[in-house]
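Visitor: I have a structure open on my screen and would like to learn how to read it. Could you take me through it feature by feature?

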Amino acid sequence: MRTKNYIKIKNLSKSFGDVEVLKNINLEVEEGEFFSLLGPSGCGKTTLLRILAGFEYPSEGEVFFDDANVTSLPPNLRPSNMVFQNYAIFPHINVQRNIEFGLRKENLSKAEMGERVENALKMVQLEGYENRYSNQLSGGQRQRIALARALVKQPKVLLLDEPLGALDKKLREEMQIELRNLQKSLGITFIFVTHDQEEAMTMSDRIAVMDEGNILQVSPPREIYHNPKNKFVSQFIGNINILDADLKSIANDIISISVDGFGLMQLKNHQNIIESDQVNIAIRPEEINISKVSDSKYDCNFKGKVKNISFYGESTYFYIQLDNSEKILMVSTNESKETFSENDNCFVNFNSTNLKIIKD
Ligand code: ATP
């Protein structure tokens with residue numbers, strides 16, 4: 001059970017030369033949490049993880065583990081351990097010795113060491129693999145050995161830098177479930193770096209979305225998906241339609257807004273928008289329906305034409321050109337809508353409560 005904020009990052013910045021790659025980061029991670037840092041390549045995820053591990057030091061700010069200031073401690077004096085993307089297991093020694101390597105500074109007896117290695121192998125479900133060498137293991141098994149080598153030290157925090165990045169899609173998905181189960185059963189705090197939004201969504205308790213050295217939003221996956229704080233976050237997580245909008249006025253919590261393709265609309269101001277904000281309107285493809293005639297179940301019905309249809313098996317995407325706009329709207333459904341063909345006239349329908357007002 002999560003009890004407290006185990007990791008605290010306060011006013012942390014990092015520059016390499018003139019380039020500031022982390023900008024005033026403030027973040028707290030709870031004990032036993034599966035926490036992901038998600039963002040595009042170069043946004044600073046690895047640098048932040050390396051600072052937590054003690055491989056880099058911040059230019060400004062502080063890092064606390066369990067209320068102890070660890071900002072200037074080297075990696076071996078921190079209660080954390082790191083797992084890298086490229087396995088980092090030695091090819092010239094067997095699995096047993098690879099895992100023991102993590103314990104070399106701990107002055108353990110041979111029996112204690114043996115027991116710790118056996119336990120670590122059990123955790124990653126590779127009991128009996130002690131005598132194998134790296135070239136006798138699959139990619140997934142090598143990554144599990146790298147994990148065992150980090151776990152054998154019994155860290156309070158495991159820092160994982162795209163650990164599944166080199167695996168093929170199917171194995172990666174299996175390992176995602178395995179890792180998540182392992183983390184929950186051990187109760188260790190995981191900080192997991194990835195640029196893969198689906199991976200972050202399926203595994204994490206909470207996600208920090210990063211861009212250009214800033215943290216834009218920290219929320220559980222569903223919250224990020226349904227209530228993205230800004231345009232970048234909304235587009236980085238899942239598919240979404242973004243429509244240009246012109247905010248006309250706000251009165252009594254109701255926003256009057258002119259939306260490309262939909263015209264003038266009145267929406268509730270859930271997001272504390274103010275009149276000077278630059279905003280867009282967004283709606284997820286699965287929140288829109290397609291029909292032959294307008295449907296009174298929905299308070300919004302607009303005419304359009306089916307431009308393209310993409311069939312993905314479990315879902316179908318329709319690309320609809322709205323009648324009064326250049327805008328192509330993405331609509332997805334998992335029902336069979338085989339009555340529609342490309343170039344058919346159609347209606348798109350949705351409830352205005354599904355429209356999100358999103359800041360730029
Ligand atoms: P990726 O997903 O591609 O690994 P990332 O989000 O992890 O990207 P970082 O590796 O943290 O990004 O890099 C952030 C920025 O800092 C990049 O512009 C990178 O070039 C720069 N950078 C990282 N390490 C150094 C270094 N040692 N010296 C100079 N610049 C660096």
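Guide: Let us begin with surface: accessible areas come from the Shrake-Rupley method with a 1.4 Å probe. For this chain, which is a predicted model, the accessible surface comes to about 17900 Å². Carbon and sulfur atoms hold 44% of that surface.

Visitor: What are the overall dimensions and make-up of the chain?

Guide: Taken along the principal axes, the C-alpha atoms fill a box of roughly 75 × 45 × 40 Å. The chain has eight helices and 20 strands. Of its 360 residues, 49% count as buried. Another thing to read is how far apart in sequence the touching residues are. Among contacts with a separation of 6 or more, 65% are made by residues 24 or more positions apart.

Visitor: Now the ligand. Which residues surround the ligand?

Guide: The surrounding residues are Phe16, Val21, Pro40, Ser41, Gly42, Cys43, Gly44, Lys45, Thr46, Thr47 and Glu162. Helix H1, residues 45–53, gives the most to this shell, with three residues.

Visitor: Is helix H1 mostly covered or mostly open?

Guide: Mostly covered: seven of the nine residues of H1 are buried. Here is a general idea to keep in mind: an α-helix has 3.6 residues a turn, so residues three or four places apart point the same way. In H1 the buried residues are Lys45, Thr47, Leu48, Leu49, Ile51, Leu52 and Ala53. After H1 comes glycine 54, with a positive phi near 95 degrees.

Visitor: Which residues have a positive phi although they are not glycine?

Guide: Asparagine 24 is one of them, with a phi of about 45 degrees. Asparagine 24 sits in strand E2, residues 19–30, and counts as partly exposed because its relative accessibility is 48%. Asparagine 107 is another, at about 50 degrees. Its place is in the loop between helix H2 (95–101) and H3. Asparagine 107 counts as exposed, with 75% relative accessibility.

Visitor: Let us turn to charges. How many salt bridges are there?

Guide: The general idea is that side chains of opposite charge can pair when their charged atoms come close. The rule used here asks for a side-chain nitrogen of Lys or Arg within 4 Å of a carboxyl oxygen of Asp or Glu, and by it the count comes to 21. Take arginine 116 and glutamate 106, whose side chains meet at 3.4 Å, N to O. Arginine 116 is in helix H3 and glutamate 106 in the loop between H2 and H3, so this pair ties together parts 10 residues apart in sequence. Arginine 116 counts as buried at 16% relative accessibility, while glutamate 106, at 30%, counts as partly exposed.

Visitor: Which salt bridge links distant parts of the chain?

Guide: Look at aspartate 277 and lysine 359, which meet at 4.0 Å, N to O. They are 82 residues apart: aspartate 277 is in the loop between strands E13 (263–268) and E14 (279–283), and lysine 359 is in strand E20 (residues 356–359). Lysine 359 is partly exposed, at 32% relative accessible area. Salt bridges can also share partners, and in this way Lys4, Lys8, Asp66 and Asp67 are joined into one network.

Visitor: What about a charged residue that is buried and has no salt bridge?

Guide: Glutamate 130 is such a case: the nearest side chain of opposite charge, arginine 132, is 8.7 Å away. Glutamate 130 is found in the loop between helix H3 (110–123) and helix H4 (139–151). A polar atom of the glutamate 130 side chain lies 3.2 Å from the backbone nitrogen of glycine 128. Leaving out residues up to four places away in sequence, glutamate 130 touches Asn94, Val95, Gln96 and Leu121.

Terms used. Residues are numbered from 1 along each chain as its sequence is written. This is a predicted model: local features need pLDDT of at least 70, side-chain atom pairs count only at pLDDT 80 or more; totals for chains, interfaces and linings use all residues. Side-chain values use heavy atoms; hydrogens and water are left out. Helices (H or I, at least four residues) and strands (E, at least two) are DSSP runs, numbered from the N terminus. Buried means under 20% relative accessible area, exposed over 50%, partly exposed in between (1.4 Å probe, protein chains only). Lys and Arg count as positive and Asp and Glu as negative; His and the chain ends are not counted. A polar contact is a pair of N or O atoms within 3.5 Å; within protein, one must be able to donate a hydrogen and the other to accept it, and residues adjacent in sequence count only if both atoms are side-chain atoms. Contact means heavy atoms within 4.5 Å. A residue is near a molecule or strand if one of its heavy atoms lies within 4 Å of it.
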